[in-house]
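Please look over the sequence and the structure shown below before reading on. The briefing that follows takes up a few topics in turn, beginning with a question about a single residue.

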Amino acid sequence: MSGKIQKHWLIVVLLCGLAASSIGVCSNCVGIFYTPVSDDLGILRGSFAMHATLSSLATAAMAFLTPKLMAVIPYKRLLFFGAALATLSTVGMAFSRQLWLFFVLGILRGVGAGLFANVPVSIILTNWFHQKHGIASGITLSFSGLSGAICSPLLAQCITTFGWSTSYLVMAAIILLLTIPALVYPFTVRPQDMGLTPYGGERVQTVQKSDFDTMFLYKKVSFICLCVMTVLHTSIAGIAQHFTGFATSIEFTVEIGAFMMSLSMVGNIVTKLLIGVLSDKIGPVKSCVVMILLNAFSMLLFLLGSGSGSVAVLYVASFCYGSVYSVGAVGFSLLSKHFFGEKYFSKAYAVIGLLTYVGSALSLPLIGYLYDFTGSYQGMFLVTLGIHAVNLVLLTVIVKSYKKDYHTAK
């Protein structure tokens, strides 16, 4: 029995590599190339950064399509294709000198990464873990923040030492190396296909004919509210990217802003693990509420720190701000499973996963425009507090609607 249980945690290790590669490297490390590439090629930074936006949109599209592909194509084939596409498109960037080619390669990398990003990883975790699902998800998705925190300075040093072209080759090698364990080791999307049962054993399905088959999914209040909550929450996930600008706007140094961003990545890792542990103990709804309140607390600290000029307060705020990623990456997956059950998880989370990318794509320009129009970042923190208040109301509505509409469908 212990060997079978160890198999489940080995799957977690494999998925850690996929999350680290698809999110931590393919998404979280692209920003360090903006300045050196655009300056070297004489391209506007905003124009070059558009390739990352296109990549995120491609990953978002794959978040919706991947569950359908997983139902008809063996996942190992999808994973091989995705890893090859993400790796080779990054290699292609090393030799690119035209903006349009970066756009094409960015889209291809987004498609490839989408085949082993949040949605497929969460589907596999949901199938393999009926118990300890929260901590398994927290561990796995925390590696997206951990790999970003490690690889960003590593690649930045490579750019300084060897140039951006060679650094793209290093980035491609990291993407491939992190996926190799999952490519080589035999595993399936469902433990039953390997003669195993999910961690915690099989669950008795209590879904009745009158529930999800006729009521599910897209027109239900609970699902619509969760979709709105997803977009709102992930639309504030880009605040950390503005920490250097925020620091200089209140007469601190760029280095302080950079350290604030590093602290937020540490908070990212810690709170992803924490929300997983809390979910297994008090449930996903309460654990998400805790993280939302923690992030709201960080907004109050930002307002206090910018007014008082206290660097220490800003550092604490930056660490607490990392909790925003715990809800976006882990919390919404746990909520989708909780409200819509294992049977309908992939259908629900395909849409939720797509919307996390939509919200993130909207985040950076919206925050930038807010500063442009007001001349201050204070409004950004106040708007975020308002978003958290709305999301807590939406979560309350979701819970009440769930009890009314889905009480037989867990």
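Is I236 buried or exposed? In this predicted model, I236 has a relative accessible area of 4% and is therefore buried, since buried means under 20%.

**I236 and its surroundings**

- I236 is placed in the loop between helix 10, which covers residues 221–234, and helix 11.
- Leaving aside its neighbours within four places in sequence, I236 is in contact with N295, Y321, V324, S363, T384, I387 and H388.
- The C-alpha atoms of I236 and M380 are separated by 8.8 Å, although these two residues are 144 residues apart along the chain.

**Other buried positions**

- N391 belongs to helix 16, which spans residues 378–405, and with a relative accessibility of 0% this residue counts as buried.
- Not counting residues up to four places away in sequence, N391 touches M229, L232 and H233.
- S333 is located in helix 15, made up of residues 323–374, and counts as buried at 1% relative accessibility.
- When its neighbours within four places in sequence are left aside, S333 is in contact with S122, F345 and Y349.
- Helix 6 is mostly covered, with 10 of its 11 residues buried; the buried residues of helix 6 include S122, together with N118, V119, P120 and W128.

**Nonpolar cores**

- The largest nonpolar core holds 87 residues, and the members that touch the most other members are F33, Y75, I124, Y168 and M171.
- Helix 15 gives the most to this core, contributing 16 residues.
- Leaving aside neighbours within four places in sequence, F33 is in contact with S38, F48, L155, I159, W164, S167, Y168 and M171.
- Another core lies apart from the largest one and has 25 residues, among them I239, M299, L301 and Y377.

**Helix 3 and helix 5**

- Two packed helices are described by the angle between their axes and the distance between the axes.
- The axes of helix 3, residues 45–72, and helix 5, residues 99–114, come within 7 Å and cross at roughly 30°.
- Helix 3 and helix 5 are therefore roughly parallel to each other, as angles under 35 degrees count as roughly parallel.
- The crossing in which helix 3 passes helix 5 is right-handed.
- On the side of helix 3, the residues that meet helix 5 are S47, F48, M50, H51, L54, S55, A58, T59, M62 and T66, and their partners in helix 5 are L99, F102, F103, G106, I107, R109, G110, V111 and G114.
- Sorted by class, the contact of helix 3 with helix 5 consists of 10 nonpolar, eight polar and one charged residues.

**Helix 2 and helix 3**

- Helix 2, residues 34–41, packs with helix 3 at an angle of about 125°, and the axes of the two helices are 9 Å apart.
- Helix 2 and helix 3 are therefore oblique to each other, and their crossing is right-handed.
- Helix 2 supplies Y34, T35, V37, S38 and D39 to this contact, while helix 3 supplies R45, F48, A49, H51 and A52.
- By class, the contact of helix 2 with helix 3 is made up of five nonpolar, three polar and two charged residues.

**Loop residues with a positive phi**

- Most residues other than glycine have a negative phi.
- K132, although not a glycine, has a positive phi of about 60°, and its place is in the loop between helix 6, residues 118–128, and helix 7, residues 133–162.
- With a relative accessibility of 41%, K132 counts as partly exposed.
- E251, which is likewise not a glycine, has a positive phi of about 70°, and this residue lies in the loop between helix 11, residues 243–249, and helix 12, residues 254–282.
- E251 has a relative accessible area of 77% and is exposed.

How values were computed: Residues numbered from 1 in each chain as written. Predicted model: local features only at pLDDT ≥ 70, side-chain atom pairs only at ≥ 80, totals over all residues. Heavy atoms only, no water. Axes fitted to C-alpha atoms, helices over the stretch in contact; angles between N-to-C directions. Helix = DSSP H or I, 4+ residues; strand = E, 2+ residues; numbered from the N terminus. Parallel < 35°, antiparallel > 145°, perpendicular 65-115°, else oblique. Left-handed = near helix turned anticlockwise from the far one by under 90°. Contact = heavy atoms within 4.5 Å. Nonpolar A, V, L, I, M, F, W, Y, C, P; charged D, E, K, R; others polar. Buried < 20%, exposed > 50% of the residue type's maximum accessible area, 1.4 Å probe, protein only. Core = buried A, V, L, I, M, F, W, Y, C linked by side-chain atoms within 4.5 Å.
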